[in-house]
Amino acid sequence: MLILLWFLVDASWPFWHDFGISQLWASEWYPYESLYGLLPAIIGTAWAMLIAMFIAVPCGLAAAIVSSEILPITWQSWMRLGMEMLAGIPSVVYGLIGLWVLLPWLQNTFDLLTGHNLLAAGMILSLMILPTMMVMSQDALRLIPIEQREAAMNMGMNWSQRLLRVLLPQAWPGIRSGILLGLGRSLGETMAVMLVVGSLDRVPQPIYNILEPAQTLTSRIGREMGEAAFGSMHFSALMACGLVLAVAAICLSLLAQRKSKGFVL
Amino acid sequence: MIKESIFLMAAMCVSISAQAVERISAVGSTTVLPVMAQAAEAYHAMHPDLTVTVSGGGSGVGIASIIQGTAQLGMASRETSPEEQAKLDGHVDNIVIASDAVAVVVSKAVYESGIQQLSIAQIAAIYRGKIRNWKELGGLDKRILVIDKEASRGTRHVFAKAVLGSSHARAEGASIISGSNNEEQMIVSRSDNAIGMLSNAWLNDEVRGVDVLVDGKAIAPTIEHVRDGSYPIARGLHIFLPHNATAETKDFVQFLLSKQGQAIVKHVGYLPVR
């Protein structure tokens with residue numbers, strides 16, 4: 001881990017040295033004019049992640065509750081099998097599904113110039129992290145001892161009270177790990193996002209406009225790394241994008257590692 | 001007896017390694033790629049000892065791979081920049097195997113609504129964001145989906161140089177960035193209001209090339225107009241062959257320039273050089 005970080009810092013050092021940390025909030029990325037503003041891609045990454053979590057967390061949690069608390073055991077295992085299969089599909093396949101199904105749908109529904117946008121990226125990502133979210137939450141719910149459920153029932157709690165006061169608080173550490181793992185995946189996912197996001201290096205106008213093409217850090221690296229000559233400033237700037245991603249991912253996993261007590265995030 | 005058999009085995013090993021299939025990789029422009037792929041197949045049928053793995057990435061990637069030595073053959077659909085050429089000089093041959101037209105393409109619906117010819121100034125205005133609706137050009141009242149390409153793409157260099165004045169010019173009007181020719185072709189064909197740039201070999205019923213107005217005369221993006229030099233956005237398609245390449249690789253490049261290789265060039269839709 002440290003070697004990786006050291007490598008990223010080392011490779012991106014010329015960039016930080018020449019342009020400084022202010023490039024993080026500069027908004028113009030034109031490598032041929034030596035403009036390396038990271039802001040459009042950072043905003044794009046953040047939006048894609050937020051949209052993905054906004055869809056995947058409630059859906060994944062609901063699926064976990066339904067399958068582990070309501071459905072009979074045979075259905076549970078089928079559902080789990082389905083989710084595990086979803087988790088195993090290569091990301092490029094999700095990207096292609098996005099291209100052929102999601103983009104035309106978005107384009108027609110919202111009457112857009114093109115379906116390539118942040119919403120599409122977020123929706124594809126949510127599909128990809130849904131299985132993680134669901135499987136982790138389901139495991140956490142299943143680990144709750146039967147005695148606790150019986151005790152709650154004996155106290156005369158109805159179903160929703162049991163869910164909200166006993167089951168979810170007990171399962172929270174597992175659910176939280178699911179959320180953080182999902183965040184990590186949505187942060188780092190490249191191929192599927194690259195195919196649907198539009199790769200336009202521009203800060204969304206206005207900033208909450210998620211229906212315009214945009215860029216994420218990963219898709220920028222994926223699109224431009226092949227061309228950047230090793231050791232050039234462009235290469236170094238792309239490494240800086242990688243470093244930003246790595247630092248964000250490390251923060252997430254530190255959060256995931258931290259021992260939690262109750263509803264502390 | 002033992003000595004003999006060892007000798008025999010050694011000899012067999014040598015002969016096996018001599019017959020071993022040589023694998024080389026060709027990387028770069030997705031415009032040159034179809035020619036390379038078909039030529040590799042035809043060549044492999046005659047010389048099973050050479051397998052050429054062809055992959056895209058764009059002209060910039062092709063040139064960078066040759067400079068870094070990660071590919072044995074490079075493909076590019078543009079001239080090298082002076083910096084790139086300086087790194088290639090002396091140890092890499094730059095060979096033109098074909099030429100083609102960079103067509104200004106529009107979606108079928110746009111073409112049928114009457115946009116069938118555009119001047120360079122009009123195309124530039126679209127890419128600079130000055131014209132944003134097809135209505136301003138006499139078409140339907142629809143916003144223009146302006147497709148730009150990744151900066152590393154050869155087609156982008158040639159187009160931007162001819163239309164915007166410099167190969168790295170900004171295109172403020174761009175609505176979306178595409179990568180390979182296939183990706184761009186797909187976006188154009190699935191839209192009703194797109195404009196983009198593609199090699200003439202990628203035109204089809206859904207992806208129409210408009211005529212470019214030169215001195216009041218409409219020039220269609222065809223091979224004939226590349227041959228007579230009248231089409232303004234034409235270019236050579238390049239292969240990069242390092243001097244230290246194996247004899248088989250060099251022979252393969254000769255094949256590209258041979259009658260048979262040039263027939264493939266013509267078949268794909270480009271103008272042969274010989």
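In the predicted model, the centres of domain 1 and domain 2 of chain B, taken over C-alpha atoms, are separated by 27 Å. The division behind this distance assigns residues 24–99 together with 236–272 to domain 1 of chain B, and residues 101–227 to domain 2 of chain B. Across the boundary between the two, 16 residues of domain 1 of chain B are in contact with 16 residues of domain 2 of chain B. On the side contributed by domain 1 of chain B, helix 3, which spans residues 59–68, gives the most, with 3 residues. By class, the residues on this side of domain 1 of chain B comprise 10 polar, 5 nonpolar and 1 charged.

Within chain B, helix 6 covers residues 120–127, and its buried residues are B:Gln122, B:Ile123, B:Ala124, B:Ile126 and B:Tyr127. After helix 6 of chain B comes B:Gly129, for which phi takes a positive value, near 85°.

Between the chains, the contact draws on 17 residues of chain A and 21 residues of chain B. The side of chain A that touches chain B is made up of 9 nonpolar, 5 polar and 3 charged residues, whereas the side of domain 1 of chain B that touches domain 2 of chain B has 5 nonpolar, 10 polar and 1 charged.

Terms used. Residues are numbered from 1 along each chain as its sequence is written. Chains are lettered from A and ligands numbered from 1 in the order in which they are written. This is a predicted model: local features need pLDDT of at least 70, side-chain atom pairs count only at pLDDT 80 or more; totals for chains, interfaces and linings use all residues. Two residues are in contact if their C-beta atoms, placed from the backbone, lie within 7 Å. Ala, Val, Leu, Ile, Met, Phe, Trp, Tyr, Cys and Pro count as nonpolar, Asp, Glu, Lys and Arg as charged, and the others, Gly among them, as polar. Domain bounds come from an automatic or database domain assignment. Helices (H or I, at least four residues) and strands (E, at least two) are DSSP runs, numbered from the N terminus. A residue is buried if 20 or more other C-beta atoms lie within 10 Å of its own, exposed if 12 or fewer, and partly exposed in between; C-beta atoms are placed from the backbone.
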